[in-house]
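Subject: Structure handed over, with notes

Hello,

Here is the structure you asked about. Please open it first and keep it beside you while you read the notes below.

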Amino acid sequence: MNLNKKTISMFLLLISTSLCLFAQTNRPQEPKEPFDYVSENVVFENKVDHISLAGTLTYPKKGSNFPAVILISGSGPQDRNSELLKHKPFLVISDYLTNNGIAVLRVDDRETGESQGSYNDTGLDGFVNDTESAFQYLKSRKELNHSQIGLIGHSLGGVIAPIVASENKEVAFIVLLAGSGIRGDQLMLLQKELIERKAGVPQFGIAQGQNNMKGAYDLILKSEDRVQLQGELKDYFTKVFGAMLPENQINILSKQMSWPWLTDFIKFDPQTVLSKTTCPVLALNGSNDLQVPPKENLAAIEKILHENGNKNVTVLELEKLNHLFQESETGLPNEYGTIKQTFSPQAMTIVLDWIKEKTE
């Protein structure tokens, strides 16, 4: 059989997709009922934006006055388990922490599960309001120690956590899992470069991609109106990609890059809130994280917090872990679904030990 390059590429893609789907059926870390702790479905209100949010609160069966954490998901609408490629990292983390004496609230993002609202019509302020609403809800629970409520944010959640902590001094501590320390546009350009280089894209293609996307980000940085921005992006992408992408794909790309939470993130400089964050901070990244590269972001986070006078800061780069905190080979996103591990036991142990130290 004579196969051309396109046919071979499609064939390899089908094989890799099949392997990925096969691997997705094996998630050995996923806990199964019955749980040896209380698991309660809860609903609370975001009174600022007038929506109800749903989630699961877990806490030990015996005892009281438990320290507690709120899990904050990364970008894109996710359910309370933060499910991705059949992995349920927030379920795994909450099970581990609760079995070790810490109450955990994990919440459906807007427009997912049983939560109301529209995710892609919401800016970062809306997600901050959601987390603050979750915090106030936990303060209403008699089982918990109201002076020991902290936040654990992954990726975009690692942006939301310090915003909340900088405004609410009752937040006892925050844990940043692949949280960013540099402005959003700079992070996304760096992410794109590292992923493409790791995937074998030629240097010319990488440089061209950087130039193309920087032009789009520059439009976003100057934008103040969502509708106007979408039109400007459509004109820009038509000029840049018109010969390669059909009009409907350009329309989709322009709409997606005009989503309020994404434009807010691209404009957001973490220094503005980290410089006001005074509670204890644990910042973790994996050495194989290509989406939030560890060296640039951990160094920035540590520098900003120390300059702010916050000396209660622990920053760690964990070997071989990717953006999802899985033990990995390359760190490329196409590896996420093929890895059986959902979340590194080493990382969970570090988080648990640190929280216990801060809440003794």
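The second largest cavity holds about 40 Å³ of space. A cavity is a set of points on a 1 Å grid over the protein atoms alone where a 1.4 Å probe fits but cannot get out, and lining residues have an atom within 4 Å of a point. Grid points are joined across faces, edges and corners, and a volume is the space filled by probe spheres set on the points. This is a predicted model, in which local features need pLDDT of at least 70 and side-chain atom pairs count only at pLDDT 80 or more, while totals for chains, interfaces and linings use all residues. Residues are numbered from 1 along each chain as its sequence is written, and side-chain values use heavy atoms, with hydrogens and water left out.

The lining of this second largest cavity consists of Ile93, Leu97, Ile152, Leu177, Phe343, Met348 and Val351. Helix 2 and helix 12 are the elements that give two or more residues to it. Helices (H or I, at least four residues) and strands (E, at least two) are DSSP runs, numbered from the N terminus. By class, the lining has seven nonpolar residues, no polar and no charged. Here Ala, Val, Leu, Ile, Met, Phe, Trp, Tyr, Cys and Pro count as nonpolar, Asp, Glu, Lys and Arg as charged, and the others, Gly among them, as polar.

Helix 2 is mostly covered, with nine of its 11 residues buried. Buried means under 20% relative accessible area, exposed over 50% and partly exposed in between, with a 1.4 Å probe and protein chains only. Among the buried residues of helix 2 are Ile93 and Leu97. Their cover includes strand 2 (51-59), strand 3 (66-72), strand 4 (103-107), strand 5 and helix 12. Just after helix 2, glycine 101 has a positive phi of about 95 degrees.

Threonine 131 is in helix 3 (residues 124-138). Is threonine 131 buried or exposed? Threonine 131 counts as buried because its relative accessible area is 6%. Not counting residues up to four places away in sequence, threonine 131 touches Ile70, Ile72, Leu151, Ile160 and Val164; contact means heavy atoms within 4.5 Å.

Strand 5 (residues 144-154) pairs with strand 6 in the parallel sense over four bridges; two strands pair if DSSP finds at least two bridges between them. Four bridges also join strand 6 to strand 7 (residues 281-286), and these two run parallel. Isoleucine 174 stands opposite valine 281 in strand 7.

Glycine 179 lies in the loop between strand 6 and helix 5 (184-198). Glycine 179 is buried because its relative accessibility is 1%. Leaving aside neighbours within four places in sequence, its contacts are Ser155, Gly158, Asn285, Val292, Asn297 and Ile301.

Serine 155 sits in the loop between strand 5 and helix 4. Its phi is near 60 degrees, a positive value in a residue other than glycine. Phenylalanine 325 also has a positive phi, near 65 degrees, and lies in the loop between strand 8 (313-318) and helix 12 (345-358). The peptide bond from glutamate 33 to proline 34 is cis, with omega near 5 degrees. Most residues other than glycine have a negative phi, and most peptide bonds are trans.

Last, the largest pocket has about 610 Å³ of space. A pocket is an open set of points with protein on both sides within 12 Å along at least five of seven lines. Of its 30 lining residues, the closest to the centre are Gly74, Ser75, Ser155, Gln291 and His323.

Regards
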